[in-house]
Amino acid sequence: MTALAEDLRTVADGALAWVDAHRAGFALGEDALAVDGEVDLSWKPLGELAQVCATVTRLTGPADPLHARARGLLDFAWQETHEGELFLRLQRLEPFATYPLEVYAALASAGLRHPAFEQAADVVARTRGWRLTEQDPTRRLGVLRAEERCGVHSLGQAPPGLEQTWLGGLPEPWTFGRDAGYTLTHVVFHVSDWGCDAAAVPPVLVAYLTDWLPPWPDTCLEAGMWDLGGELLAVAAVVARTTGEDPPADAWQRLVAARGPAGEVPLDDRDLDDLAAVLAGARPDSPPARAAAGHRHGGQGVPA
């Protein structure tokens with residue numbers, strides 16, 4: 001194992017171990033179904049936990065301790081939703097909210113499904129009211145991918161509206177900023193199925209990112225923007241799996257050096273650095289292992 005591979009594994013192991021030790025912080029409270037509930041403090045963290053762990057289980061083998069830990073956290077998240085029953089209750093309370101479908105989609109990608117919720121979501125998704133909900137292009141892409149995961153419809157390799165996102169428009173590289181960085185990372189996550197299907201990223205985007213992505217994580221990490229820097233490293237890992245290049249070692253060394261005593265990286269609740277480590281550690285020639293199977297405002301809470 002190379003030094004970089006050891007660093008990647010160290011970050012991934014430490015991050016998931018920290019999350020596992022603090023899993024109680026992801027538990028849904030009694031206000032999970034409240035109309036004025038804090039989605040960003042309840043469903044959003046649980047959805048992010050589910051998404052990261054679903055990706056880890058798909059990119060690691062069943063015998064890998066990292067896989068087992070991620071699967072245990074997925075089971076925890078599923079139990080917090082009463083094995084999917086809370087999604088159906090949420091859907092009845094807020095039929096045009098998208099966040100229940102998005103959080104559920106992360107769990108469904110790991111084989112955890114609730115047929116009654118999927119049937120109800122399919123009915124709502126066929127209404128004009130659902131299709132005409134106004135969303136920014138990156139957000140819309142995420143909702144469409146969630147629909148696809150839940151069997152509402154299939155997008156194929158060319159999701160609509162991709163060219164209207166910041167990244168899809170191939171902007172001048174000097175216009176990169178914090179907000180653009182986050183939308184860029186999520187476009188890649190949605191298109192690549194959170195790194196599990198790197199080949200799905202259109203060649204024109206791979207070429208653009210190959211040219212212009214390298215300095216962006218360095219800039220963010222030098223500025224102490226660990227969260228955005230970590231997400232950009234996850235994107236770099238997706239691109240590397242497509243091109244066969246090595247992950248950016250220098251940037252990873254900065255991230256390793258920033259870890260706390262318990263293995264955690266001092267980031268906010270959008271922490272995806274463990275996902276970045278798993279993506280970077282997965283070899284391009286190794287097919288991924290498959291799993292066993294804001295405030296509420298207009299129903300548009302963002303889970304991931």
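Q: Which residues have the most contacts inside the largest nonpolar core?
A: In this predicted model, Trp43 and Leu209 have the most contacts inside the largest nonpolar core, which has 76 residues. Leu209 touches Leu167, Leu184, Val188, Pro214, Val235 and Val239, leaving aside residues up to four places away in sequence.

Q: Which residues belong to another core, apart from the largest one?
A: Another core, of twelve residues, lies apart from the largest one; Leu8, Ala251, Val256 and Val265 are among its members.

Q: Why is Cys53 called buried?
A: The relative accessible area of Cys53 is 0%. Buried means under 20%, and therefore Cys53 is buried.

Q: What makes Cys196 buried?
A: Cys196 has a relative accessible area of 6%. The cut-off is under 20%, so Cys196 is buried.

Q: How many disulfides are there?
A: A disulfide requires a pair of cysteine sulfur atoms within 2.5 Å. By this rule the count is zero.

Q: Which residues of helix α11 are buried?
A: In α11, which spans residues 215-222, Trp216, Pro217, Cys220 and Leu221 are buried.

Q: Why are the buried residues of α11 said to line one face of the helix?
A: Viewed down the axis of α11, the buried residues fall within an arc of 125°, so they line one face of the helix. In general, an α-helix has 3.6 residues a turn, so residues three or four places apart point the same way.

Q: Against which helices do the buried residues of α11 pack?
A: They pack against α9 (178-191), α10 (203-212), α12 (226-243) and α13 (249-257).

Q: Which residue with a positive phi follows α11?
A: Gly224 follows α11, and its phi is near 75°.

Methods
Residues numbered from 1 in each chain as written. Predicted model: local features only at pLDDT ≥ 70, side-chain atom pairs only at ≥ 80, totals over all residues. Heavy atoms only, no water. Buried < 20%, exposed > 50% of the residue type's maximum accessible area, 1.4 Å probe, protein only. Helix = DSSP H or I, 4+ residues; strand = E, 2+ residues; numbered from the N terminus. Arc of directions from axis to C-beta. Contact = heavy atoms within 4.5 Å. Core = buried A, V, L, I, M, F, W, Y, C linked by side-chain atoms within 4.5 Å.
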